Amino acid sequence: YIISSKSGSTTEPNAFFAYFWEKVRALKGDRAGENFIAITDPNTAMGRTAAAHSFRRTFANPPEIGGRYSALSYFGMVPAALMGIDVAELLDRATRMSKACSGIIPAEHNPGLVLGAAIGALARQGRDKLTYVVSPQVGTFGYWTEQLIAESTGKEGTGIVPVEGESVGSPKAYSGERDRLFAYVRLGSKHDRAVAALERAGHPVIEIRLEDAYDLGGEFMRWEVATAAAGWVLGIDPFDQPNVQESKDNTKKVLATYKSRGKLPAVDTVAAAKAKAGIASLLKQAKRGAYFAIMAYTARTPQSEASIAAIRAAVRDKTRIATTAGYGPRFLHSTGQLHKGGPKTGLFLQVVQEDARDVPVPGQPFTFSVLKQSQAIGDMHSLTSRRLPVLRVTLGREPAAGWRALAMAVKQAVK
């Protein structure tokens, strides 16, 4: 088990560690630490926990590296090595890009600065929906850059909205606001025709061609430099995340209520099958440059993925509004910063479910389900306190049926 936490105090890895430690200790007793590795900054609570529990190894990461900029540090490379990836080759590609992006290279020939300047300048012109089209072989690259871009630029009322995982539409699907910039990360030709059609229709496209998957090492470096440069163009600090802590604090308040009252605070919630009117009302609140964000505090399943894809396609194709999607609480550490600190153009659909199974968090007076629900409620409070439009929908105790009902409600709402 790899327990990764820069601060050493993040709720989710600590809760998972407590759970799996109990499981392994029941089998191995005092030797349980052999099955655990920690990756953290120096002198953190997680580091002290690792020492006390005799972890196999603790990797102390350089503390000056921000969490979302740490793909090429121990946080990314230790799991990569355990997966069997040729880390030396990956880092060699990163080193080449690092040299190409160094300060001695003129700005107009610096791949990181050129990319960042383009992203930032187009965002200032209104094309702030950075939409990823990624070849299937490296499909999760957009998932990584989503956090990098959103958490770095989404603050002080501005920001770039990364649109990851949205299916590629026809040019007319983006003809409304003309607020898109497409980033085509290409390894193979699957999306060539669709992207060419977007270019012919006048949409700006940045194309990055990879020779193989190891070129991702260079892209990690390029996009980190570009993100910092885009932040400079937008006039914000790309290295802080002022609103992430707020969600953590709200979760603590909700958990405190649970501890004192034995139940969670009530929140207005609509059943998925009855969500048509609420969704229609939510979409009517769209401002110029709006985006529609699905925040799913649910299990990630084939049914949820299919339904979210159907919802996103229906909203985009009928309203021309960009869509995003994320599973909670993961997205709180990425796009959550953009939701609260970025431009007030988001339309938020929070999706929850009633968990049929649950387990306690060892050493805590609450369960994993209560923790997840507390995070959802805390997130809801953060959004509503800013008077942002948000609708909370429950899938009930049968999530698969709930997802189907919600997808149908959205399709009916956008007719």
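Start by selecting Arg-222, which sits in helix 8; helices here are DSSP runs of H or I with at least four residues, strands are runs of E with at least two, and both are numbered from the N terminus. Before you zoom in, note that this is a predicted model, where local features need pLDDT of at least 70, side-chain atom pairs count only at pLDDT 80 or more, and totals for chains, interfaces and linings use all residues. Residues are numbered from 1 along each chain as its sequence is written, and side-chain values use heavy atoms, with hydrogens and water left out.

Is Arg-222 buried or exposed? Arg-222 is buried, at a relative accessible area of 17%. The cut-offs are under 20% for buried and over 50% for exposed, with partly exposed in between, using a 1.4 Å probe and protein chains only. Show the side chain of Glu-219 too: a polar contact of 2.9 Å joins it to the side chain of Arg-222. A polar contact is a pair of N or O atoms within 3.5 Å; within protein, one must be able to donate a hydrogen and the other to accept it, and residues adjacent in sequence count only if both atoms are side-chain atoms. Leaving aside residues up to four places away in sequence, Arg-222 touches Met-97, Pro-111, Gly-112, Leu-115 and Ile-208, where contact means heavy atoms within 4.5 Å.

**Over to helix 4**

Now pick residues 87-100, which make up helix 4. Helix 4 has 14 residues and reaches 20 Å from its first C-alpha to its last, close to the 20 Å expected at 1.5 Å a residue; the expected span is 1.5 Å times one less than the number of residues. Colour Val-87, Leu-90, Arg-93, Ala-94 and Met-97, the buried residues of helix 4. Look down the axis of helix 4 and these buried residues fall within an arc of 130°, so they line one face of the helix; the arc is taken over the directions from the helix axis to the C-beta atoms. Which exposed residues are on the face turned away from the buried side of helix 4? That face carries Ala-88, Arg-96 and Lys-99.

Then check the start of helix 4, where a side-chain oxygen of Asp-86 reaches to within 3.3 Å of the backbone nitrogen of Ala-88.

In helix 3, select Phe-75, Met-77, Val-78 and Ala-80, which are buried. Their cover includes strand 1, strand 2, strand 3 and helix 4.

Next, show the open sheet of three strands, in the order 1-2-3 with parallel pairing; two strands pair if DSSP finds at least two bridges between them. Strand 1 (2-5) and strand 3 (57-60) stand at the edges with a single partner strand each, so one side of each has no neighbour in the sheet. Four bridges join strand 1 to strand 2 (residues 37-40), and the bridge partner of Ile-2 is Ile-37. Helix 2 (residues 45-52) packs on this sheet, touching strand 1, strand 2 and strand 3, and its direction makes about 160° with that of strand 2. For such angles, axes are lines fitted to C-alpha atoms, for helices over the stretch in contact, and values run from 0 to 180 degrees between N-to-C directions.

While you're here, click Asn-43 in the loop between strand 2 and helix 2. Asn-43 isn't a glycine, yet its phi is positive, about 60°. Asn-43 is exposed, with a relative accessible area of 74%.

**The four-strand sheet**

Switch to the other open sheet, with four strands in the order 5-4-6-7 and parallel pairing. Strand 4 (residues 129-134) and strand 6 (residues 180-186) pair over six bridges. Helix 6 (residues 141-153) lies across strand 4, strand 5 and strand 6, at about 160° to strand 4.

Stay on helix 6 and select Glu-151. Glu-151 is buried, with a relative accessible area of 5%. Its contacts, not counting residues up to four places away in sequence, include Arg-68, Asp-240 and His-333.

**Last stop**

Finish at Pro-329, in the loop between strand 10 (322-327) and helix 12 (335-341). The peptide bond from Gly-328 to Pro-329 is cis, with omega near 5°.
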